[in-house]
Amino acid sequence: MNGAEALVHTLLDGGVDTVFANPGTSEMHFVAALDRIEGMRCVLGLFEGVVTGAADGYYRIRQRPAGTLLHLGPGLANGLANLHNARKARSGIVNIVGEHATTHLALDAPLTSDIEGVARPMSHWVRTIGSGERLQADGREAVTQARGRPGRIATLVLPADMAWSPAAHAPPGLGPVREAAPEPVDERQVLDLADHLRQHGARTLLLLGGRATLARATAWAGRIAAATGCAVMSEFYSPTIERGAGRVAVPRLPYAVDAALKVLARFDHIVLVNAVEPVAFFAYPDKPGRLAPAGTRFHTLSHPAQDPEEALHLLCEALSATRAQAALVERAPARTDLEDGLLNPETIGALLATLIPENAIVVDEAVSTGRAFDAATRGAAPHEWLTNMGGSIGYGLPVAVGAAIAAPDRRVIALEGDGSAMYTLQALWTMARESLDVTVIVFANRHYQILRGEFNQVGAGAPGQRAADMLSIDRPALDWVALGTGHGVPSSRVTTLGEMADAVRRSLATPGPGLIEVVL
Ligand SMILES: Cc1ncc(C[n+]2csc(CCOP(=O)(O)OP(=O)(O)O)c2C)c(N)n1
């Protein structure tokens, strides 16, 4: 057995059975090992941002890390933006990054760089395998890190000579690597919070983050709200929210600072459930960075290393509210009037509420077009909704790839701003090659629309021609039908709501990917 083979076995033993890859010469022995050893699904991405974003999407749906295979420092660097997003989403990922053979490093060949230095800012854990004897232990530690609670980004650098040299056999007696158990919930704190909610329920917000937005957790939150009059909301961004008809409504905090300030002004207390204090995305002159009013008291029910479902359940029990009737969202009525009407963000939201299929996974990178989708799609059939946790655009198409690989029996819908989709459009090719059931809807407003608003919000005045040219993408207009078709994805363009409805229905009913360019 060589080192590469030993490492593949170590990953498989640790429950990592999917690798998103973009390899080079230094990774060829690892590629050969993946070829020889049964059990690893290998998915090629044509840009490393696709690879790392796919691993993020995979984790969010499977709650289990995938591996990535990246080519030295530059390959890793190409993947960093989506590793940043994954890190903010608390997704576990095992990055395997190839490195020159140890003897070759001194020669300073063209691809030589400080890989650990590149990796560190976006990784929780970084290690270069320094000897064949350490290889399996280091591999195991990388998997253990990624399977931590919450998930962590582990980057393991594999020098080519470690990959091709004979490796030590697996140390005996090591069982499989499992996800770390959650830390226990603080029962004293649960009782204190129950007392608090009995007295101040109406002025308290339960703010849900991380896995607290899964339906099993929100079901308890809904009962707590019914019993105490508290409100329930989620952070603006979530790794995934299980929502839709029949579930507890968990509105998202608004993105816009003024709107968020207004919502939070209603509360004296915020109970954080795997969430953090809400802050503005950016600083603006004359606007506060903290979104809750000064004097708001924060209480922590659970933090990301704890199980929010358990915490909410215990709180519900402490309130004797486990049988309370949570208010559940009703199914949005079918709208026959809609499809002859105008095409705009409001009507698109209403249409999506009728079209999202049960159990679908929606990846939301619709940016300004999607601002009202949260309220509009609340009564859709039950589904999951994923948002960008790190704010680095280009997350959506890769995350859709990973989600589709993690859940092959579910339809994925990627809602994309045209500007955002351009960052990682190579993901379309992976969707086509792997025949993934992904419906990509590109909102072609041909601008960086959100930035036009931000220009004004930060007090930069009215854009002149040079500034306007940096905020628009209309000259030339991108041809999404050509881009999609060129990557192997059947694509169409629509200009009315009726055409959009037909095209989306067709794609949902057709196995494999489809792309719809919605011209706004
Ligand atoms: C990696 C990265 N680069 C740049 C930005 C800044 N940025 C935020 S939104 C945006 C434009 C988004 O355009 P689009 O997806 O078309 O959505 P729209 O604003 O038009 O609704 C840009 C460039 C970012 N967030 N991340």
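1. The structure is a predicted model, in which local features need pLDDT of at least 70 and side-chain atom pairs count only at pLDDT 80 or more, while totals for chains, interfaces and linings use all residues. Residues are numbered from 1 along each chain as its sequence is written, and side-chain values use heavy atoms, with hydrogens and water left out.

2. The axes of H3 (residues 48-62) and H16 (residues 396-406) come within 6 Å and cross at roughly 45°. H3 and H16 are therefore oblique to each other; angles under 35 degrees count as roughly parallel, over 145 as roughly antiparallel, 65 to 115 as roughly perpendicular and the rest as oblique. Axes are lines fitted to C-alpha atoms, for helices over the stretch in contact, with angles from 0 to 180 degrees between N-to-C directions. Helices (H or I, at least four residues) and strands (E, at least two) are DSSP runs, numbered from the N terminus.

3. On the H3 side, the residues in contact (heavy atoms within 4.5 Å) include Gly49, Gly53, Tyr58 and Arg62. On the H16 side they include Pro398, Val401, Gly402 and Ile405. By class, this contact of H3 with H16 has ten nonpolar, four polar and two charged residues. Ala, Val, Leu, Ile, Met, Phe, Trp, Tyr, Cys and Pro count as nonpolar, Asp, Glu, Lys and Arg as charged, and the others, Gly among them, as polar.

4. Helix H1 (residues 3-13) is mostly covered, with eight of its eleven residues buried. Buried means under 20% relative accessible area, exposed over 50%, and partly exposed in between (1.4 Å probe, protein chains only). Among the buried residues of H1 are Glu5, Leu7 and Leu11. The partners against which the buried residues of H1 pack include helix H2 (28-36), strand E4 (93-99) and helix H8 (135-146).

5. One joins Arg149 and Pro150, with omega about 0°, and Pro150 is in the loop between H8 and E6. Another runs from Arg475 to Pro476, with omega near 0°; Pro476 is in the loop between helix H20 (465-470) and helix H21 (480-486).

6. Ser320, a residue other than glycine, has a positive phi near 50°. Ser320 counts as exposed, at 69% relative accessibility.
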